[in-house]
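Please open the structure in the viewer and follow the stops below in order. Each stop names a selection and then describes what is found there.

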Amino acid sequence: MTQHSDAQSKIATSVPFLAILVAPLGVAGQNIGLGLAMLMFIIFSIRDGGKSLRLSLSTPFTRYYLILWALIIVSIMFATVARGDSKEASRFFFGYTFACSMVVAGVSLRGQALRRNLLLNLVTILFALMAIVAVSQFLLGWKLEGIQIVGQTHRAQGFYSHPLTFAYSVIVLVPWSLARAMGRPKEWQSWVLATSAIIIVATSQSITVIVLAAFTCLLLGIKLLQKKTFLMTGVLCALCFLAVITVPNPIASKFQSVLSGQRGDHETSYPDDRIAFWHAHWEMFKDAPITGHGAGLESSDRKPFYEKIGLGQIKRMYEAHNMYLQYAVEGGIVPPLALLGFIVLWVLTIKKYLSTEKWHQLALVITPIIFAASGITQNAVQDSEVRYMLLLMCAASMWFIADCVDSVT
């Protein structure tokens, strides 16, 4: 009986281990790792007689989550099929359905004797390695393209497709990493995680993510630190920030260009080109507010609406740069409401059930809120790598609720 339990524990631990191990990789690596993780979860479920999976599916959070996620998938997939792009509809369906399995597995594994120290050390080591990669990319200007190292701007993007993808993936780990340093300052993992998070956020040069990370740090400091410690830390952070923005470097240049409104790629008369993107996509939404236009839209699909607002000649006929508006354009009014519902459900579930240290609960409540705010200026959840990290963190949050009520009717 003991051997059986130990073997089952190892199989259960392998699920989050594999999912975490491939998190720093791009889409292909994440898909392969998630496939292996789900294979181990199937083995776990078979050995478990399906008990944990049935318990997961009977839990209110899982049921509501699957309904909300299905509303996103079905609405956008049908709109894509209606546009005549069945290949893109198939890609969208399987990509979103595959990713959502992590949360179901996370709820199913709650209460299992997972090797927490092993998983914590894995996360810590991977985060530290990604911070080292980020610094080297910031200093040397390189990225991985296929299996080749090529030059690029001095901006961190890890092994992801774009620096912003890297930044928006990391933002879901920032609250937990910073809160852990404040809640458990005597553990070495806490400081490695917090330092790595700060390095990655800074070198990504995403102003939105930097501001949100600073706000998160401020909020956590107010809630978790003693007044004297908070003031000393605040002064130190302010001095570090002043040093960064006053000494010539890419981060300081980015801040100055954003604050002055004189970006090199500015094409429109709007204060920021993102507002132009929002305007054009608002016109697209009004054109199909219920059915949407489908996923995989190209510049040619957006051009008539940019022309409608007098911007038919600009080079960057980009996506919405707002994940809610992008969902509204792709699937009508239902997907953005479903996404907001998912975020609210996540927050309320953590607040209701999670009984643990204050820093832990606070970090997990802040995580979806900060992500929700970050999506105002970027198509965050639409990016496969960002979506992977978001749902992986959600799965971890649900697993942390080991002592919650099994089912509420």
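Begin by selecting helix α16, residues 334-353, together with helix α18, residues 384-400; in this predicted model their axes come within 11 Å and cross at roughly 25°. An angle under 35 degrees counts as roughly parallel, and α16 and α18 are therefore roughly parallel to each other. The crossing in which α16 passes α18 is left-handed.

Next, display the side chains where the two helices meet. On α16, select F342, W346, T349 and I350; their partners on α18 are L390, L391, M393, C394, S397 and M398. This contact of α16 with α18 comprises eight nonpolar residues, two polar ones and no charged ones.

Now turn to the largest nonpolar core, which has 104 residues. Which of its residues touch the most other members? Select Y65, W69, L339, F342, F371 and Y388 to see them. The element that gives the most to this core is α18, with 12 residues.

Centre the view on Y65. Apart from neighbours within four places in sequence, Y65 is in contact with C100, V103, F342, L345 and L391.

Finally, show the whole protein. The chain contains 18 helices and two strands. Of its 409 residues, 52% are buried. Among contacts in the protein with a separation of 6 or more, 73% are between residues 24 or more positions apart.

Notes
Residues numbered from 1 in each chain as written. Predicted model: local features only at pLDDT ≥ 70, side-chain atom pairs only at ≥ 80, totals over all residues. Heavy atoms only, no water. Axes fitted to C-alpha atoms, helices over the stretch in contact; angles between N-to-C directions. Helix = DSSP H or I, 4+ residues; strand = E, 2+ residues; numbered from the N terminus. Parallel < 35°, antiparallel > 145°, perpendicular 65-115°, else oblique. Left-handed = near helix turned anticlockwise from the far one by under 90°. Contact = heavy atoms within 4.5 Å. Nonpolar A, V, L, I, M, F, W, Y, C, P; charged D, E, K, R; others polar. Core = buried A, V, L, I, M, F, W, Y, C linked by side-chain atoms within 4.5 Å. Buried < 20%, exposed > 50% of the residue type's maximum accessible area, 1.4 Å probe, protein only.
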